[in-house]
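Please inspect the sequence and the model before reading each solution.

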Amino acid sequence: MEVVMFKNMKLKYRILLGYAAPIILFIIASVVVYSFLRTVHKASVEAEEKREIISGIDGFLYNAARMQRAARGYIIVRQEVSKKSFEEGAAEFLRLEERLGKLVKDEKQRERLKNIIEHERDMADIARNFIMLMDKGKQDAVIKEFRTGRPLEAARKFEAAVMDFKRTEAELLEASQKAESSAFASVSRVLYAATFLAAVAALGIGLYISSFASRSIMEAVNTMSSSSAEIAATVSQHERTASGQAAMVSQTVATVEELGASFRKTSEQAAAVADTAKKTAALTDEGAKSVKAAVDGINELKEKGSVVAG
């Protein structure tokens, strides 16, 4: 059905259809490329978020170490600068906690982040307790608390939780980077494939349309040639018919002329017969007169003979 419709289309519409095919392919390719670019953008955004998360986790480690140094420094020398450094580290920790809470989307990673925050708060509470005891002059209580090993255990759990989170986040970052690279590669493949298919389609459709047009033109030429031949044959036939009709007219004219001559001859013969008949009638009248005269003469002789005999 489509082939019949295509054959019935005008040549300019076929050519337009031939140009439309590559354009349609490029439009489809553009839609696919746009889809892959969105995937690339999404993967890129996710990768950037993962980098920010890892940077935030490194900030956790840095501020945890800063708070521990500040707390130990305050225990040793009781300088306000150490106490201030501790409070600044705690404030920075809260800021990082809020930022990471918005960036982390993965449910398992959110659980790990929650675990890290809990360990960090344990560490901060222990450090604040040390500072409070030092402010009260209870150095022995600080040493006793430190010897229990709780501060080191809290620091160890915090570091383990951070490293577990960081390792998983690095894997997620690698997956995002692979997805980004794969999407970029897919974009390249789609562009190459679309260009190749468009070129092949353009060449194939162009060849088909040109051959179809050539065939149509040849058919039209053949039809015109056949029509011209038929017209020439019809003209020749008409010429022959006209010639025959002219010959028939000439023959008719000759026949009419012959009939005219025959009519004239017949008229002349009729006139001659009439003249002969007139002459015959005159002779008949004269003969009748002669016979009457003879009869009268005979009667007269009879009468004379009767007289003589009487």
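A nonpolar core is a set of buried Ala, Val, Leu, Ile, Met, Phe, Trp, Tyr and Cys residues joined through side-chain atoms within 4.5 Å, where buried means under 20% relative accessible area with a 1.4 Å probe, protein chains only. The model is predicted: local features need pLDDT of at least 70, side-chain atom pairs count only at pLDDT 80 or more, and totals for chains, interfaces and linings use all residues. Residues are numbered from 1 along each chain as its sequence is written, and side-chain values use heavy atoms, without hydrogens and water.

**Exercise 1.** Identify the residues with the most contacts inside the largest nonpolar core.

*Solution.* This core has 33 residues, and Ile57, Phe60, Leu113, Ile116 and Phe158 have the most contacts inside it. Helix 2 (11–77), helix 3, helix 4 (107–135) and helix 6 (150–309) each give two or more residues; helices are DSSP runs of H or I, at least four residues, numbered from the N terminus. Helix 4 supplies the largest share, 11 residues. A second, separate core of 5 residues includes Ala29, Val33, Val187 and Ala194.

**Exercise 2.** Which side chain of opposite charge is nearest to Glu120?

*Solution.* Glu120 lies in helix 4. The nearest such side chain is Arg121, 5.0 Å away. Glu120 is buried yet has no salt bridge (a side-chain nitrogen of Lys or Arg within 4 Å of a carboxyl oxygen of Asp or Glu).

Notes. Buried < 20%, exposed > 50% of the residue type's maximum accessible area, 1.4 Å probe, protein only. Lys, Arg positive; Asp, Glu negative; His and termini not counted.
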